Every structure is written in structure tokens, then in C-alpha cells.
Amino acid sequence: MTTKAKLIAFTIDCDDPRKLAAFYHEVTGFEIQYSEEEYAAIGDGSTNIYFGRVPGYKPGEWPSADKKFHLDFRVPDLDKAVEEYIALGAVKPEFQPGVTEEGTRWIVLQDPEGHLFCVVPEQS
């Protein structure tokens with residue numbers, strides 16, 4: 001039997017860990033656990049997001065195969081959340097694969113450093 005591992009955190013490479021920790025603190029409500037120039041962390045006691053400084057970091061293009069990962073966040077009010085996250089520094093790219101003639105399944109946003117994340121409405 002393979003030893004089962006427990007995921008404790010997801011680390012995001014970035015140029016400014018403090019800035020991203022502050023942004024995602026506002027988005028998730030996770031507590032800022034550590035915030036320094038080279039490294040920052042947020043978490044809620046079981047889920048953590050770490051931010052590590054990579055000098056000269058450049059995000060991938062969207063849409064393209066450059067995308068390496070994205071985070072998904074479920075929210076109670078999609079339109080309100082998108083508006084608030086944009087006010088915090090997120091950007092809404094033109095390409096939105098979750099928006100179809102049948103309705104909006106999710107909205108793609110980019111954080112202040114260009115990492116993609118999706119905002120998903122609660123299921124009705």
C-alpha cells in the first residue's frame with residue numbers, strides 16, 4: 001500500500017509575496033500567518049497558501065498552454081465577488097470559457113501578479 005500524504009499547502013511563485021498574501025487574505029479570509037519580503041503564508045488552520053519570491057517572475061499568457069495551475073473559489077454572490085476582487089487588484093481577462101449562452105458557470109480572474117483563479121457560484 002502506498003503511504004498516503006496529506007496536502008498542507010500550495011505554494012505560489014511570485015514577485016511580491018506580501019502583496020499576494022494580502023490580496024488572498026482579503027479573498028479567502030485566511031489569516032496572514034507570515035509576511036516577509038521573500039516569503040508569506042496565509043491559512044485557516046487546515047488549508048494554507050504560501051507565496052515564495054522568484055526574482056523576475058513573469059506569469060504565463062492567458063489563454064495559452066503557459067498556464068500551469070489555477071485556484072478555484074466558490075462564492076455566494078458571483079457578480080459581487082468579481083466586483084470586489086477587481087477592486088482589490090484582480091483583472092478580468094476577455095477570454096471567459098465559463099460564460100456561455102446557457103449562463104455563467106465561472107469567471108476567470110487574474111490576481112495582481114497575473115496568476116489565474118476562478119470564481120464559481122454556489123450550487124443552487
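The largest nonpolar core has 24 residues, and those touching the most other members are Y24, F51, Y85, L109, F117 and V119. A nonpolar core here is a set of buried Ala, Val, Leu, Ile, Met, Phe, Trp, Tyr and Cys residues joined through side-chain atoms within 4.5 Å; buried means under 20% relative accessible area with a 1.4 Å probe, protein chains only. At least two residues of this core come from each of β1, α1, β3, β4, β5, α2, β8 and β9, and α1 gives the most, with five residues. Helices (H or I, at least four residues) and strands (E, at least two) are DSSP runs, numbered from the N terminus.

The model is predicted: local features need pLDDT of at least 70, side-chain atom pairs count only at pLDDT 80 or more, and totals for chains, interfaces and linings use all residues. Residues are numbered from 1 along each chain as its sequence is written, and side-chain values use heavy atoms, with hydrogens and water left out.

Four strands form an open sheet of mixed pairing, in the order β1-β4-β3-β2; strands pair if DSSP finds at least two bridges between them. The edge strands, β1 and β2, each pair on one side only.

| Strand | Residues |
|---|---|
| β1 | 10-14 |
| β2 | 31-35 |
| β3 | 39-43 |
| β4 | 48-53 |

β2 and β3 run antiparallel and are joined by four bridges; Y34 has A41 in β3 as its bridge partner. Helix α1 (residues 17-28) packs on the sheet and touches β1, β2, β3 and β4, where contact means heavy atoms within 4.5 Å.

How values were computed. Axes fitted to C-alpha atoms, helices over the stretch in contact; angles between N-to-C directions. Buried < 20%, exposed > 50% of the residue type's maximum accessible area, 1.4 Å probe, protein only.
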